[in-house]
Amino acid sequence: MDEHTLADLLTQIYSLLYQRYGPQHWWPSDSRFETIVGAILTQNTAWRNVERALANLKAAGAMSPARIRETAQDELATLIRPSGYFNTKARKLKAFADVLGQRHHDDLDHLFDQEPGALRRELLAIYGIGEETADDIMVYAAHLPSFVIDSYTVRVLARLGVISGKQPYHAVQALFHDSLPPDAGLFNEYHALLDRHAKETCRKLPLCRGCCLLGLCPTGAAAVGLSSGDLNE
Ligand code: SF4
């Protein structure tokens, strides 16, 4: 697919999703630090579990880098237990809080006020922060245009025939970066819409009849018995 065709297709997908679901208001949090904590806790678990862990941290007065450093690791693990993998995630929260304190005086503006590539490399060097979590932090806390790729994004794009589903993270991310304007607000909304669509409609067993993307989707067309000539009509 040439880059103009891909840009048109990605823009069309976004428009249809936005018309269908409207603004998603991501990331739900009271502060940028809470967004980062949520980005770490949401690894391998559903958001409703993260909400319970975040509520525990707030109720214990532990929603700050200093308090996360001061809180004993086993105590921190107990607070975030609802998010699963709680011992590992407690270590990850402490690792982030340590870096933020040692290098940035607990000042997120200081962390974020660097060249985006350098920021992403610094995040990726912290224990427990992989590409998806780093990009969650870049977009939803630092408000920088770094498209988040997750399993929901891959599922929807693969069914739409945009990707094979086997490309590495950076290759899928590059499709968005090379095709869309570098707009953090757009990347925020687009990723949130893809996740909403994957959870509600393009589920493991997709609900193709009535899907807003059916006219663009070869997988959906096959599922509901449309011929390829019916697509985009
Ligand atoms: S038509 Fe089906 S497979 Fe295609 S995006 Fe919609 S729900 Fe997913």
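**A guided reading of the structure**

Trp27 is found in the loop between helix H1 (3-21) and H2. The model in which this residue is seen is a predicted one. The peptide bond that leads from Trp26 to Trp27 is cis, and its omega is near 5 degrees. For context, most peptide bonds are trans, and most residues other than glycine have a negative phi.

Asn44 is found in the loop between H2 and H3; its phi is positive, near 60 degrees, although Asn44 is a residue other than glycine. Asn44 has a relative accessible area of 66% and is therefore exposed, the cut-off being over 50%. Tyr85, which lies in the loop between H5 and helix H6 (86-104), is likewise not a glycine and has a positive phi of about 45 degrees. With a relative accessible area of 55%, Tyr85 is exposed.

The view may now widen to the whole protein. The protein contains 13 helices and zero strands, and its pattern along the sequence is accordingly written as α-α-α-α-α-α-α-α-α-α-α-α-α. A compact globule of 233 residues would have a radius of gyration near 17 Å; the protein has 19 Å, which agrees. Taken along the principal axes, the C-alpha atoms fill a box of roughly 65 × 35 × 30 Å. Buried residues make up 48% of the 233 residues. Among contacts with a separation of 6 or more, 58% are between residues 24 or more positions apart.

The buried residues of H3 are Asn49, Val50, Ala53, Leu54 and Leu57. Seen down the axis of H3, these buried residues fall within an arc of 135 degrees, so they line one face of the helix. An α-helix has 3.6 residues a turn, so residues three or four places apart point the same way. The cover over the buried residues of H3 includes helix H2 (32-41) and helix H5 (73-79). On the face of H3 turned away from its buried side are the exposed residues Arg48 and Ala59. After H3 comes Gly61, whose phi is positive, near 70 degrees.

Leaving aside residues up to four places away in sequence, Asn49 touches Pro82 and Ser83. Asn49 and Tyr190 are 141 residues apart along the chain, and their C-alpha atoms are separated by 23 Å.

How many aromatic pairs does a search of the whole structure find? There are eleven aromatic pairs. In one of them, Phe147 and Tyr190 are arranged edge-to-face, 5.6 Å centre to centre and with 80 degrees between the planes. This pair links distant parts of the chain, since Phe147 is in the loop between helix H9 (131-141) and helix H10 (151-159), while Tyr190 is in helix H12 (residues 184-200), 43 residues apart. Both Phe147 and Tyr190 are buried.

Tyr190 also pairs with Phe176. The ring centres of Phe176 and Tyr190 are 5.5 Å apart and their planes stand at 90 degrees, so this pair is edge-to-face. Phe176 lies in helix H11 (residues 169-179) and Tyr190 in helix H12, so the pair ties together parts that are 14 residues apart in sequence. Phe176 is buried, with a relative accessible area of 0%, and Tyr190 is buried at 1%. One aromatic cluster is formed by Tyr14, Tyr18, Phe147, Phe176, Phe187 and Tyr190.

The buried residues of H10 are Thr153, Arg155, Val156, Leu157 and Arg159. Just after H10, Gly161 takes a positive phi of about 80 degrees.

Technical notes:
Residues are numbered from 1 along each chain as its sequence is written. This is a predicted model: local features need pLDDT of at least 70, side-chain atom pairs count only at pLDDT 80 or more; totals for chains, interfaces and linings use all residues. Side-chain values use heavy atoms; hydrogens and water are left out. Buried means under 20% relative accessible area, exposed over 50%, partly exposed in between (1.4 Å probe, protein chains only). Helices (H or I, at least four residues) and strands (E, at least two) are DSSP runs, numbered from the N terminus. The arc is that of the directions from the helix axis to the C-beta atoms. Contact means heavy atoms within 4.5 Å. The radius of gyration is taken over C-alpha atoms; the globule rule is 2.2 Å times the number of residues to the power 0.38. Rings of Phe, Tyr and Trp (its six-membered ring) pair if their centres lie within 6.5 Å; planes under 30 degrees apart count as stacked, over 60 as edge-to-face and the rest as tilted.
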